[in-house]
Amino acid sequence: MLRSLLVLCASFAAASGIGGAQADVQVSTAHLNAPRPLNDETRSAAIRDYLEAWQGMSEALAQNRTDLLDADFVGGARDRLANTVQNQAALGLSTRYQDRSHNIQVLFYSPEGLSIELADTAEYEVQVFDHGKQLTSQTETARYIVVLTPSEVRWRVRVFQAVPD
């Protein structure tokens with residue numbers, strides 16, 4: 001079990017590399033409250049897809065393209081992120097994110113297997129550009145509550161909400 005978790009963490013770190021750098025990813029199920037078991041394959045796929053959603057979000061914000069959100073986000077999470085992309089594009093801004101780390105806790109797996117809830121304390125560098133000229137660069141740490149829902153071939157982010165620590 002420990003060996004599989006270490007291998008899992010290494011693959012997540014590789015999958016979440018944004019801008020060429022690899023993020024440090026830790027995953028814990030110690031706080032899991034689930035009426036059904038969460039098998040290793042499901043956990044692995046959900047975390048992989050969540051980290052890929054960060055990549056999709058980063059690319060959408062860097063390129064001001066809402067279509068890049070479609071593979072990874074649905075519902076309110078997609079709508080809010082698309083609105084952010086549209087607003088920054090209208091102002092001539094773009095944003096680049098580079099993951100530093102994710103400390104992910106798997107909190108809940110629904111009885112019917114239609115949602116997984118995560119808490120993620122993410123550290124990332126964010127750079128804001130105005131018409132291509134860098135305005136700011138800073139490292140941020142934020143805590144997110146995330147709800148993933150399965151689609152045809154992957155888990156997609158339905159809820160992506162920053163919360164106070």
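Is tryptophan 54 buried or exposed? Please describe its surroundings as well.

Analyst: Tryptophan 54 counts as buried, because its relative accessibility is 2%; buried means under 20% relative accessible area, exposed over 50%, and partly exposed in between, with a 1.4 Å probe and protein chains only. This is a predicted model, in which local features need pLDDT of at least 70 and side-chain atom pairs count only at pLDDT 80 or more, while totals for chains, interfaces and linings use all residues. Residues are numbered from 1 along each chain as its sequence is written, and side-chain values use heavy atoms, with hydrogens and water left out.

The aromatic rings come next. A search of the whole structure finds six aromatic pairs; rings of Phe, Tyr and Trp (its six-membered ring) pair if their centres lie within 6.5 Å, and planes under 30 degrees apart count as stacked, over 60 as edge-to-face and the rest as tilted. One of these pairs joins tryptophan 54 to phenylalanine 160 in an edge-to-face arrangement, with 5.7 Å from centre to centre and 80 degrees between the planes. Tryptophan 54 lies in helix α2 and phenylalanine 160 in strand β5 (residues 155–163), so the pair ties together parts that are 106 residues apart in sequence. Helices (H or I, at least four residues) and strands (E, at least two) are DSSP runs, numbered from the N terminus. Phenylalanine 160 is also buried, at 13% relative accessibility.

Tyrosine 97 and tyrosine 124 form a tilted pair, 5.3 Å centre to centre with 55 degrees between the planes. This pair links distant parts of the chain, since tyrosine 97 is in strand β2 and tyrosine 124 in strand β3, 27 residues apart. Tyrosine 124 counts as buried at 8% relative accessibility. Ring pairs link Trp54, Phe73, Tyr97, Tyr124, Tyr144 and Phe160 into a cluster.

Helix α2 also packs against α3, at an angle of about 25 degrees and with the axes 9 Å apart. Axes are lines fitted to C-alpha atoms, for helices over the stretch in contact, and angles run from 0 to 180 degrees between N-to-C directions. The two helices are therefore roughly parallel, a term for angles under 35 degrees. Met57, Ala60 and Leu61 of α2 meet Leu81, Thr84, Val85 and Gln88 of α3 in this contact, where contact means heavy atoms within 4.5 Å.

Asparagine 64 is found in the loop between α2 (40–63) and α3 (75–90). Its phi is near 55 degrees, a positive value in a residue other than glycine. At 25% relative accessibility, asparagine 64 counts as partly exposed.

Note on methods: Parallel < 35°, antiparallel > 145°, perpendicular 65-115°, else oblique.
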